[in-house]
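Please keep the sequence and the structure open while reading.

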Amino acid sequence: MTDGQQSGRDAVVIGGGLAGITAALALADAGVRVTLLEGRPRLGGLAFSFQRGELTVDNGQHVYLRCCTAYRWFLDRIEGTALAPLQNRLDVPVLDVARPEGRRLGRLRRDALPVPLHLGRSLATYPHLSLAERARVGRAALALKGLDLADPSLDAQDFGSWLTAHGQSARAIEALWDLVGVATLNAVAGDASLGLAAMVFKTGLLSDPGAADIGWAHVPLGELHDRLARKALDSAGVRTEVRTRVTSISTDENGTWSVQVPGETLRADAVVLAVAQDEACDLLPEGALDAPENLREIGTAPILNIHVVYDRKVLDKPFFAALGTPVQWVFDRTDASGLREGQYLALSQSAAHDEIDEPVAALRERYLPELERLLPLARGAEVKDFFVTRERTATFAPAPGVGRLRPGARTKAPGLYLAGAWTATGWPATMESAVRSGVSAADAALAALGRPRPARLFEFEEAA
């Protein structure tokens with residue numbers, strides 16, 4: 001902010017992931033002059049793409065659900081909705097390798113009926129659970145629906161113990177609850193906060209019939225979260241600087257913020273800190289939070305992605321989930337990657353604590369035979385390429401007690417706000433949580449700056 005410019009209209013957003021991009025767009029749409037700073041050479045945070053020869057590879061498979069209304073707003077805002085379509089109706093093929101070939105396929109899908117009847121037929125015919133287990137799942141789902149998400153005691157309990165107490169067998173947890181929960185929470189039921197798990201299942205499966213319909217990018221993530229996001233930021237008048245790492249932030253006696261980057265000091269009336277929790281802790285000025293050490297207590301959880309390119313088509317579905325095998329979820333990324341011959345499959349392995357540092361050779365030896373067990377056509381196919389991507393700190397760990405550690409958007413330092421999927425959005429570490437956090441930070445900043453909320457800013461509902 002230079003002399004003569006109108007005060008109260010300059011903001012710096014630190015971090016160019018989904019949270020930072022959202023905050024920058026929301027502030028700019030309200031008439032605030034915004035500078036967005038990102039240390040990486042690209043936008044998108046941990047949802048990005050890179051080149052491997054002729055392939056365009058996503059670092060990991062990301063999906064969203066119809067109930068992810070904030071991320072859907074984000075896609076619309078960057079004009080990317082058509083590139084990441086939703087299923088017409090939830091339909092998840094589930095293969096169980098423990099069953100004889102020809103009888104391995106089950107499906108989790110919904111009917112056009114009100115909640116909870118929309119899943120009734122699917123559950124009643126789900127072959128991977130016994131009749132008694134299916135009945136007990138229904139009773140547990142009704143008990144889950146009755147939980148009050150505003151009850152702080154839920155955060156202190158683990159989901160696995162709650163499921164066991166409500167009659168869920170180890171098989172039911174593996175074949176249903178963890179099938180969904182590991183992918184959305186990045187933790188098995190025993191390691192997950194009941195509060196976060198209840199939020200996921202109540203919102204995704206027990207709120208609206210179409211809430212759990214799955215969407216995913218049919219183009220590389222970089223096309224959405226880097227190229228289209230950058231285009232939207234440019235159109236909104238945001239100054240975007242990549243390869244620009246912030247070294248410190250401070251405020252003067254007039255309440256103006258100084259943001260230090262190599263070779264430049266940026267001055268602003270508002271700063272949004274939209275970086276990972278450890279980095280946020282390093283940059284926070286003294287007194288900004290009552291207990292800044294809480295940020296370092298928020299654990300992280302890894303996701304391992306295994307990429308296999310075959311010389312021919314071995315999978316005729318866009319994706320499937322698996323039981324009785326280390327394989328969790330498998331997606332066909334052939335068209336999105338630009339592959340012209342053969343088929344490219346991406347395996348998304350959440351909560352991969354035991355495998356995240358294993359050598360590629362060991363992972364190849366383990367997973368190629370598993371894919372052959374699951375996909376008969378893979379048995380005679382040539383593997384043209386096999387590689388892995390590792391996100392050791394892919395998400396915050398949704399462990400019991402994490403809720404009390406997650407800060408809100410406002411800090412005790414006037415004009416300084418926090419954003420990121422790890423902040424107190426009520427959601428686990430998802431793209432939805434990141435976008436919601438950016439909206440919350442922008443809302444708080446605009447209120448303090450006396451700026452009206454932009455008309456096109458997403459009006460989201462808090463989780464019921």
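What percentage of the 464 residues in the protein is buried? Buried residues make up 55% of them. The model is a predicted one, and the protein in it has 14 helices and 19 strands.

**Overall dimensions**
- The radius of gyration is 23 Å, which agrees with the value near 23 Å for a compact globule of 464 residues.
- The C-alpha trace spans about 75 × 50 × 40 Å along its principal axes.
- Among contacts with a separation of 6 or more, 69% join residues 24 or more positions apart.

**Surface and charge**
- The side chains include 50 positive and 57 negative ones, with the centres of the two sets 6 Å apart.

- In soluble globular proteins, nonpolar side chains tend to be buried together.
- The largest nonpolar core here holds 127 residues, and the members touching the most other members are Leu27, Tyr71, Phe159 and Trp177.
- Helix 14 (residues 431-449) supplies the largest share of this core, 10 residues.
- Another core, of 26 residues, lies apart from the largest one and includes Phe320, Leu363, Tyr367 and Ala378.
- Leaving out residues up to four places away in sequence, tryptophan 177 touches Val137, Ala140, Ala141, Leu144, Phe159, Leu163, Gln168, Ala172 and Phe201.
- Phe159, one of these partners of tryptophan 177, is also among the core members with the most contacts to other members.

**Helix 2**
- Helix 2 covers residues 69-77, and its buried residues are Ala70, Tyr71, Trp73, Phe74, Leu75 and Arg77.
- The buried residues of helix 2 pack against helix 1 (18-29), strand 5 (63-65), helix 9 (221-236) and helix 14.
- After helix 2 comes glutamate 79, which has a positive phi near 60 degrees.

**Threonine 395**
- Threonine 395 is part of strand 18, which runs over residues 383-396.
- Threonine 395 counts as buried because its relative accessibility is 12%, and the cut-off for buried is under 20%.
- Beyond its neighbours within four places in sequence, threonine 395 is in contact with Asn186, Gly299, Thr300, Ala301, Ile303 and Ala429.

Methods:
Residues numbered from 1 in each chain as written. Predicted model: local features only at pLDDT ≥ 70, side-chain atom pairs only at ≥ 80, totals over all residues. Heavy atoms only, no water. Helix = DSSP H or I, 4+ residues; strand = E, 2+ residues; numbered from the N terminus. Buried < 20%, exposed > 50% of the residue type's maximum accessible area, 1.4 Å probe, protein only. Contact = heavy atoms within 4.5 Å. Rg over C-alpha atoms; globule rule 2.2 N^0.38 Å. Lys, Arg positive; Asp, Glu negative; His and termini not counted. Charge placed at Lys NZ, Arg CZ, Asp CG, Glu CD. Core = buried A, V, L, I, M, F, W, Y, C linked by side-chain atoms within 4.5 Å.
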